[in-house]
Every structure is written in C-alpha cells, then in structure tokens.
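Look at the sequence and the 3D structure below.

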Amino acid sequence: MTDVMRQEAPALVAEDSTFRAYRAPEGSGELGLGRTLVSLLDEAVERNPNPRAFNQLRNGQWQSMSTVEFRSKSELMGLGLADTGMSKGDRIAFFALNDISFSLPDMACLLAGLVTVPIYLTHAPANIGHILRESEVRSVIVTNEELLRQVAPQLAGTSVTMAVVMEGEVSTEAVPAGVECLEAEELMRRGREISALDREAAKELRAQITANDLATIIYTSGTTGVPKGVMLSHQNISSNAIGAFTGLKGYRRGPDETVLSFLPLTHIFARMLQYGCMWYGNTVYYSDADSLREHFKEVRPTLMATVPRVLERAYERIMDAGRELEGFKHRIFDWSLGLAQRYRIERTPHGMEAVQLRLADKLVLSKWRDALGGRMNYVIVGAAALRPELVNLFGAAGIQVLQGYGLTETSPVISFNRPDDNRAGTVGPPIAGVEVAVGDEGEILTRGPHVMLGYYKREDATAETIKDGWLHTGDLGTIDEDGFITLTGRIKNLFKLSTGKYVMPQPVEQQLEAEPLIEHALVVGEGEKYCAALLFLSAEALSGFASSRGLPADPAALLEHEEVQDRIRAAVVRANGELPNWSCVKRAVLALAEITIENGRLTPTLKLRREPVMEAYRPAVERLYRAKGEELDGALTGTAVVIEVGPA
C-alpha cells in the first residue's frame, strides 16, 4: 500500500513526554510511505519520463540513457541475476565507479530482491575483506577488469562465487579459482530469453519485494573503529528521497533540472539523491572530482550535491584569482568581495546596498556563477560542517548553498535549509516525516521512517544507538523554536584537559581550516593542561603563496619561513577568537599534508579520521607538550616544526 500525505504538523510538537520533538515546518514536503525504490522508477516512467535521464561520458562524448531504457535494462539484468541462482535476500557487493555501471545493476538487484553491499574503492584491503566476510556476499559487481583485479585478492576465503563485470571483456585469470566471471551482456542475454518465454517474469519479480524489505547494507566509513553495516530498507530510502525532494521549494520535475553527480554512489547521500532525481525525471550527468571544472561548463548544471571541502577549495581558487589581479581590476575585486562578505542570506538588500550588489554582480560576482556553468540554482552540502561565511558569500553571487544534516543510519537526510528560509550556520529544520529532539546531554536525537533497521549482526550496537524509538546520533547541538538545528560537535571528540575543563575541538578546527594554507586541522589536549593543534598545510597553497612573495619554492622549506609561520600564527589567533583561555590553541605543529583517503586518515566524505591521525602523529603531539620550540626530527615523514601562539 502506498501512503502519501503532505506534512501538516507544526514545527514544535509535544506528543513525546520525554523530549520536545520538532517536525518539518508546515507545507515543506510530503511524507511518502509504502514505496519500494523500484516503484519510484516505475512512477518516473509513467509520470516523468526523460529521454536523457542518465548521461555517461564515453570517448569524449556524452551518451544518454532514457528512463524507459534504464528500466528495461534493469529488468533484464534482474532476471539474469535471478537465473544465476541468486534469490531474494542474498547479498551482492558493489565495487564500482560513480556512474551507470553502479546505477543500472543497483536497480537490477533491487528488482531481484537482492541486498546490495557497496564498498568504497578507497577502503583498505583489510576493511574490504571484513565487509565481504561479515555480510556473506555471494556475488560482486565491478565496473571493469581493472577494478576486478583490484578486489580479487580479497575474494579468497569469502562466500563469493560469481563476479559480474559491467564494461569490457574480462579474463578468467582475473578472479580466484571457484569464482565464475560473467559479463553484464551475458546477464542481459539470459534476461531477454526469460522475458521472451514469460512476459510476466519482471512483474513477478516486483511482486516479491515490499517497502519494508532490506535494500542495502552500507558499511560506514567512520572516523573511528571497524566499519559497521547499516541496514536500510526500501522505505527508509524512498521516504527520505520523497521528503527531501518535495521539500526543495522551486525545484522542478522533468528534464530541465540538470544534476552533476560526482560523489561516490557508495555513500547513501549520493545514492538517495540519485533515486530522487530518477523519480523527479531529472537529467543526471556522471562526473568525478577531477573533472568538475570542465564539466561545469559542458553540462551547466542547475543542482549539485557536494561536501564542504569542494566549496572551500572553490573559494580558495576565487581568492587566488583575485590576488593575481593588478591595479583597477584588483581594487574592483576587493570591493566586490567586501560586499559579498558583508551579505547576509537572511535579509533582502535594499537601497544603496542593493545597487552596489547589482554592480558588483555585473563586474565580478557573475563570473563565480559562470565558473559553475551559469545556471546553478542549488548547491546541497552535507557530510560535514560548512563555514557560515561561505553560505553568505556564495549567496551574494546568487548561488543558493543549502546545508543539510544526516547520517548513513538515517537514510541519510534528517534536516536541511530551505530555499525560502535559509539560515547560515544551521543545518535547517527536519524534512517531512522526521522528528528531532535534544537529549539530556545535548545530543541530537531523531525518529521516523528514515531510521535504519539496525546494524548488521550487531544487536549490541543497535541497542546502544536506538533507544525507545529514538536514534542517538552522537552529535551535539541545539534546536531553536522554529526547529532549525545547529550542530556544535561530536560527543566522541569531546576531550578533557588536566585542569578538568572540557573542550569541543570542531569549532576551532573549522575556523583554522578557513586559512587557505591549512588543509586539515586537528585540535588535541586530552589530559594536558592546554590545547594544541596539528596543522597540515597544503603543498599547492604553499607554492602559490611562495610565488606571490618571491619565496623559495620548496614546500618543506617554507614551513621554516618566518612569513609562513606568521600567517599561520595569525590564523590561530583568529580561530581562538572569543574562546575562553583554557580552550585556545597555544602551540601548533606545522607539517605538510599527508592526509588522504588512501592512507586511511580521511574518510571518503573528506572528514579527518581522528584516531588514525593521532596514532600516526603521536610523537608530534608528545613533542608539543614536552619540548617547546624544538624542531621535530624523525617523528614525521618530511619536515615539521612547532610554533608558539600564546603563553601555555
């Protein structure tokens, strides 16, 4: 049964006797229940068919696949998978690129009642092996032979008996003994034969799946610990897509809304958006982080979902371009930038301010829009905190940056800012069907159809996370009377100084990373008498800084340079701001950034993994507190130095 209703409840409700529970503002989205993800595709074909719904770059040319063709091929592949002996509830792993080689078999698996287990391409081998073994996958889908060879060593000792390659030919030598290797076309061929004999075969597959069936197990990348498998049902994800998309006022159904998709579909944020775009009949172009600048110009998207670091880098490029200007052009840039920095999205400019902004837009700000293709209406930001000044800055240029909040465990969207009520520094009010509250310790809680079924084979962890129907997010925050959520930190990241004072590091780290030279910041001090920081500098940004000032080009040598240290010291002083003395950063290590997804120190959503970084740089932290002002030797790879910021 399908149940669709418009959210009519006021923001603040009092039906829960323990917490003040907040809901979506009136009229801000629909609560859709009873949907399978396959039904969203069926509705798209019937109501919002798009002849160029899915677009893949092949040999320098964009190739389109219609909604109708997408459904037809997913049906054939689903029938083919069923013919291999896989049955409802079997797990199938994905080790695929962020493109049609993921999306098409994903829908085929959902149609066949299979449970998909996506694996990040950047996962460490040990984590890949853990996921394959714990989830007991029977098959694995890969994009091409290159990725098959990459994952093949981890297949030994697992229950995997079949590998499906979506593109190109493949050699049987690429897989271990006992693993059958099939090309996608072979599954299609089997599907066509089955469909020719039984025209109702695809319909029969559909009939066996329900909204409450398990759709996927997504292993959290996590900033700490061993990955846990999050179990999400069809309804978890479909209700989230419906609530999010119908809550995006002004966003249209049909092919005219063009989406540039570059986040990994392994992540539930990108995947939910894919289902929503499909349901709305929008046009999706698959890209990657390295091709964004080129594809902005080619695709001219109207919407993009991203993580904060991508916007931060865009801002840094804007600033770099401005610094290269000379004379009158440089003065015009600085004047326009000043206006943009003073702009506030919460109010409409009037009088002279409005006149000046129109002029600044014509001379400078419009070029920022042009860099994003010139048609960008919405930039949806999730996964981590975004500095409020960037929301205002891009807003001045007519680019709506809507920050949201969610977890893998919540399918994922809990809340987001709406176009007609966007408040910088918050992550907005909840979407339709979602309730939020603040627990006794300041923790954000949530309940509703978006909350996961639980952690796979981890009843203990599930019981710790979901209590009395409320999912405990682990995030600290506040909720105002209008239901807007402001995040203040993570419970697990809170640490205690030897003086007994507690420190929440994220706000300081966020401000430190506002300095373009600082790629990543980690505030430390557990058990110590004052706070310090590990500051990982960008070699690229250092090179640009050196070039503009005629300094030595060697990034490692620049760590020792007085101008660099003075600039970083000033950034730390700004970040300390109005903080009480005990939570200010007093000393810092400067090191070249060696923080990547590949070395396990960064999550796939570009968040710092505190424990691996702390472990790798523990000698540096010890030097911070034991040897004032001394250069580190042998503790890190490459050069690293300590700077003093204030009296400790």
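## Where α11 meets α14

In this predicted model, helices α11 and α14 cross in a left-handed way. α11 covers residues 308-324, and α14 covers residues 388-396. They pack at an angle of about 60°. Their axes are 11 Å apart. Angles from 65 to 115 degrees would count as roughly perpendicular. The two helices α11 and α14 are therefore oblique to each other.

Which residues of α11 and α14 make the contact? From α11 come Leu311, Glu312, Ala314, Tyr315 and Ile318. From α14 come Leu390, Leu393 and Phe394. Sorted by class, the contact of α11 with α14 has 7 nonpolar residues, 1 charged residue and no polar ones.

## Where α8 meets α9

Now take helix α8, residues 234-246, and its packing against α9. The angle here is about 70°, and the axes are 9 Å apart. The range for roughly perpendicular is 65 to 115 degrees. That is why α8 and α9 count as roughly perpendicular to each other. The crossing of α8 and α9 is right-handed.

On the α8 side, the contact uses Ile237, Asn240, Ala241, Ile242, Ala244, Phe245 and Thr246. On the α9 side, it uses Ile268, Met272, Leu273, Tyr275, Gly276, Cys277, Trp279 and Tyr280. By class, the residues in the contact of α8 with α9 are 12 nonpolar and 3 polar, with no charged ones.

## A closer look at α9

Helix α9 runs over residues 268-280, which makes 13 residues. How far apart should its ends be? At 1.5 Å a residue, the helix should span 18 Å. The expected span takes 1.5 Å times one less than the number of residues. The end C-alpha atoms of α9 are 18 Å apart, so the two values agree.

Is α9 buried or exposed? Of its 13 residues, 13 are buried, so α9 is largely enclosed by the rest of the structure. After α9 comes Gly281. Gly281 has a positive phi, near 75°.

## Ser238, inside α8

Ser238 sits in helix α8. Its relative accessible area is 0%, so Ser238 is buried. Leaving out residues up to four places away in sequence, Ser238 touches Arg35, Leu37 and Leu40.

Leu265 lies in the loop between β14 (258-261) and α9. At 2% relative accessibility, Leu265 counts as buried, because the cut-off is under 20%. Leu265 and Asn98 are 167 residues apart along the chain. Their C-alpha atoms are separated by 5.5 Å. Neighbours within four places aside, Leu265 is in contact with Asn98, Asp99, Phe102, Ser103, Ala270, Arg271, Gln274 and Tyr286.

Ala384 is in the loop between β17 (378-381) and α14. Its relative accessibility is 27%, so Ala384 counts as partly exposed. Neighbours within four places aside, Ala384 is in contact with Pro308, Gln403 and Lys607. How far is Ala384 from Leu41? Along the chain, Ala384 and Leu41 are 343 residues apart, and 30 Å separates their C-alpha atoms.

Arg300 is not a glycine, yet its phi is positive, about 50°. Arg300 is placed in the loop between α10 (292-299) and β16 (303-306). With 38% relative accessibility, Arg300 counts as partly exposed.

Asp468 is not a glycine, yet its phi is also positive, about 55°. Asp468 belongs to the loop between β23 (466-467) and β24 (470-479). Is Asp468 buried or exposed? The cut-off for exposed is over 50%. Asp468 has a relative accessible area of 77%, so Asp468 is exposed.

## A cis peptide bond

One more backbone detail is the peptide bond from Ser411 to Pro412. Is this bond cis or trans? The bond is cis, with omega near -5°. Pro412 lies in the loop between β18 (400-406) and β19 (413-416).

Methods: Residues numbered from 1 in each chain as written. Predicted model: local features only at pLDDT ≥ 70, side-chain atom pairs only at ≥ 80, totals over all residues. Heavy atoms only, no water. Helix = DSSP H or I, 4+ residues; strand = E, 2+ residues; numbered from the N terminus. Buried < 20%, exposed > 50% of the residue type's maximum accessible area, 1.4 Å probe, protein only. Axes fitted to C-alpha atoms, helices over the stretch in contact; angles between N-to-C directions. Parallel < 35°, antiparallel > 145°, perpendicular 65-115°, else oblique. Left-handed = near helix turned anticlockwise from the far one by under 90°. Contact = heavy atoms within 4.5 Å. Nonpolar A, V, L, I, M, F, W, Y, C, P; charged D, E, K, R; others polar.
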